[in-house]
Amino acid sequence: MGKIIRASDRATKTQPNTTFTGTVYADEVVVGEAPSRMRATRVSFTPGARTFWHTHPVGQTLYCLHGIGRYQLEGSHVVELRPGDTVVIPPGAKHWHGSAPGHLFAHLAMSEVSDSGEGTKWLDAVSEADYGRKPA
Ligand code: MN
């Protein structure tokens, strides 16, 4: 039997400052029940806000919903994101994502836990210098 999870039953959560810089809101879309490993969250970044550097064991897909965003894979240029863009992040690749300076941004974040149930591995904060780089 399926189910409908009502928006009114789930409050928006504020993301912790140990893994995000600035004010970031998360609205859970779904956490799949076994055998599903699907996880989807709508993440809304206020201007200047972004994730810390991190990796995902099975990779991550971002679907950009509104505003202007930023994404960087370690060792690559910063990339600008616009609504309708899809970002496919490889397993274990160190990266960050967030708003563009001066802009709101929201994406749908989709990922799966690993065979062993391992999720996102959080690393260090994205420096102002890295965040402020011009997109390629
Ligand atoms: Mn990510």
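Biologist: At 33% relative accessibility, does tryptophan 122 count as buried, exposed or partly exposed?
Modeller: This is a predicted model, in which local features need pLDDT of at least 70 and side-chain atom pairs count only at pLDDT 80 or more, while totals for chains, interfaces and linings use all residues. Residues are numbered from 1 along each chain as its sequence is written, and side-chain values use heavy atoms, with hydrogens and water left out. Buried means under 20% relative accessible area and exposed over 50%, with partly exposed in between (1.4 Å probe, protein chains only). At 33%, tryptophan 122 therefore counts as partly exposed.

Biologist: How many aromatic pairs does a search of the whole structure find?
Modeller: Rings of Phe, Tyr and Trp (its six-membered ring) pair if their centres lie within 6.5 Å, and planes under 30 degrees apart count as stacked, over 60 as edge-to-face and the rest as tilted. Searched in this way, the whole structure gives a number of aromatic pairs that comes to three.

Biologist: Which arrangement, stacked or tilted, do the rings of phenylalanine 20 and tryptophan 122 have?
Modeller: The ring centres of phenylalanine 20 and tryptophan 122 are 5.4 Å apart. Because their planes stand at 50 degrees, the pair is tilted.

Biologist: How many residues apart in sequence are the parts that this pair ties together?
Modeller: Strands (E, at least two residues) are DSSP runs, numbered from the N terminus. Phenylalanine 20 lies in strand 2 (residues 20-21) and tryptophan 122 in strand 13 (residues 121-122), so the sequence separation of the parts tied together is 102 residues.

Biologist: What is the relative accessible area of phenylalanine 20?
Modeller: Phenylalanine 20 belongs to the tilted pair with tryptophan 122. Phenylalanine 20 is buried, with a relative accessible area of 7%.

Terms used
Helix = DSSP H or I, 4+ residues; strand = E, 2+ residues; numbered from the N terminus.
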